[in-house]
Amino acid sequence: MQTENRIMKGIGGFYYVQTAEGLLTCKAKGIFRKRGISPLAGDLVRLETEGGSPVIAEILPRKNALVRPPIANLDLLFVVASTVEPNPNFLVLDKMCAIALDKGIVPVLVITKTDLAKPDPLEEIYASSGIELLCISGEDAPLERIRELISGKLCAFTGNSGVGKSTLLNRILPELDQQTGQISKKLGRGRHTTRQVELFEAFGGLVADTPGFSSLDLERTNPIFKENLQFCFPEFAPYLTQCRFTGCSHRTEKGCAVRQAVEEGKIHPHRYEDYLAMYESASAIKEWEYNGR
Ligand SMILES: Nc1nc2c(ncn2[C@@H]2O[C@H](COP(=O)(O)OP(=O)(O)OP(=O)(O)O)[C@@H](O)[C@H]2O)c(=O)[nH]1
Ligand SMILES: [Mg+2]
Ligand SMILES: [Zn+2]
């Protein structure tokens, strides 16, 4: 995993770039702002010297970029959900996984707070999804698997505020000592303890903690074309070529193999319902909103 000339963190117009000479604090050339491009954590950049200080002169071509969390060149996204406090929102989880897959990022679901409630509903829904699911319990095996997954990749932890992303990172990487926060009992959610995306070197890869989200504006920030959505549900794959009509949207068409698989219990109905919900919102997104993808 290349760390040299990688943006590790951006904060208040300053970027922390890992270089052969160590971590340098840089500004970005004015040209980026004029073009409406922001350098992101995870970007590989070319530096120049301006008035004796290093500046970001160029962003090397990105493999992908997420708007929320703002990060570039991801290989793997740990989508973290807690069994309770806050309760999981299945639609949000499905959206995060689909957005990752749409951008060529491998999603892995991580379930925390299994000491407070059983993870059964989540395990049941994702068992046939083709998405790996890890339950963080008292045992070390899932942590070992996370370390293994991070190796050689650029990874990030995302999920609602308060699900325990920073707590988990501290467990797999105690030297990080990320700040964690109490859940607000009144609001039943986290307090946005983590404020920015920051990359850390670990286990031969790079791993990012990110601020939690609590809004549902995922589709606007990372829209998926409705025609691509079917490919963002891995469990649909075996059926896609078996529908009666080419261009089947798998909603109301006759002879739809995906719907049949749902009826036969091969695809979980919750996943299919979320596909339908996402299809509706994708249909409502205007062409111009896809600009900058
Ligand atoms: N019981 C229990 N509590 C946990 C677990 N993981 C995290 N917590 C608690 O949940 C609260 C929130 O944890 P954080 O790690 O700050 O959550 P976060 O996802 O980083 O939140 P943001 O930075 O706001 O996005 C803290 O009080 C943690 O101690 C768990 O597995 N079990
Ligand atoms: Mg945090
Ligand atoms: Zn179909």
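# Loops, helices and domains

Trainee: Where does H250 lie?

Mentor: In this predicted model, H250 sits in the loop that runs between α6 (218-221) and α7 (257-263).

Trainee: And is H250 buried or exposed there?

Mentor: H250 counts as buried, because it has 23 C-beta neighbours inside 10 Å, and the cut-off for being buried is 20 or more.

Trainee: What about the phi of H250?

Mentor: The phi of H250 is near 65°, which is a positive value in a residue other than glycine. As background, most residues other than glycine have a negative phi.

Trainee: What is the phi of K113, which is not a glycine either?

Mentor: K113 has a positive phi as well, of about 60°, and it belongs to the loop between β9 (106-112) and α3 (120-126). With 21 C-beta neighbours inside 10 Å, K113 is counted as buried.

Trainee: Which residue takes a positive phi just after α4?

Mentor: That is G152, where phi is about 75°.

Trainee: While we are at α4, which of its residues are buried?

Mentor: In α4, which covers residues 141-150, the buried ones are I146, L149 and I150. These residues cover an arc of only 100° around the axis, and that puts them on the same side of α4. On the other side of the helix, A141, E144 and E148 are exposed.

Trainee: Let me switch to α8, then: which residues are buried in that helix?

Mentor: The buried residues of α8 are R271, Y272, D274, Y275 and M278. Looking down the axis of α8, you would find them within an arc of 155°, so they line one face of the helix.

Trainee: What covers those buried residues of α8, and what is exposed on the other side?

Mentor: The cover includes α2, α3 and α7, whereas P269, E280, S283 and A284 are exposed on the other side of α8.

Trainee: How far apart are the end C-alpha atoms of α8, and what should its residues span?

Mentor: Helix α8 has 16 residues, 269-284, which at 1.5 Å a residue should span 22 Å, and its end C-alpha atoms are 23 Å apart, so the two values agree.

Trainee: Stepping back a bit, how many helices and strands are in the protein?

Mentor: The protein has eight helices and 13 strands. Its radius of gyration is 20 Å, close to the 19 Å that the globule rule gives for 293 residues, so the protein is as compact as a globular protein of that length.

Trainee: What box do the C-alpha atoms fill, and what share of the residues is buried?

Mentor: Taken along the principal axes, the C-alpha atoms fill a box of roughly 65 × 45 × 35 Å, and buried residues make up 36% of the 293 residues. If you take the contacts with a separation of 6 or more, 65% of them are between residues 24 or more positions apart.

Trainee: Which domains is the protein divided into?

Mentor: The protein is divided into domain 1 (6-59), domain 2 (65-209) and domain 3 (223-290), and the C-alpha centres of domain 1 and domain 3 lie 40 Å apart.

Trainee: Back to loops: where is L44 found, and what is it in contact with?

Mentor: L44 is in the loop between α1 (30-35) and β4 (45-50), and if its neighbours within four places in sequence are left aside, it is in contact with Q2, N5, R6 and L60. L44 and I7 are 37 residues apart in sequence, yet their C-alpha atoms are 6.5 Å apart in space. With 19 C-beta neighbours inside 10 Å, L44 counts as partly exposed, because a buried residue needs 20 or more.

Trainee: Which residues does a cis peptide bond with omega about -5° join?

Mentor: One such bond joins E85 and P86, and P86 has its place in the loop between β8 (76-82) and α2 (90-102). The peptide bond from R68 to P69 is also cis, with omega near -5°, and P69 is in the loop between β6 (65-66) and β7 (71-72).

Note on methods
Residues numbered from 1 in each chain as written. Chains lettered and ligands numbered in written order. Predicted model: local features only at pLDDT ≥ 70, side-chain atom pairs only at ≥ 80, totals over all residues. Helix = DSSP H or I, 4+ residues; strand = E, 2+ residues; numbered from the N terminus. Buried ≥ 20, exposed ≤ 12 C-beta atoms within 10 Å, placed from the backbone. Contact = placed C-beta atoms within 7 Å. Rg over C-alpha atoms; globule rule 2.2 N^0.38 Å. Domains from an automatic or database assignment. Expected span 1.5 Å × (residues − 1). Arc of directions from axis to C-beta.
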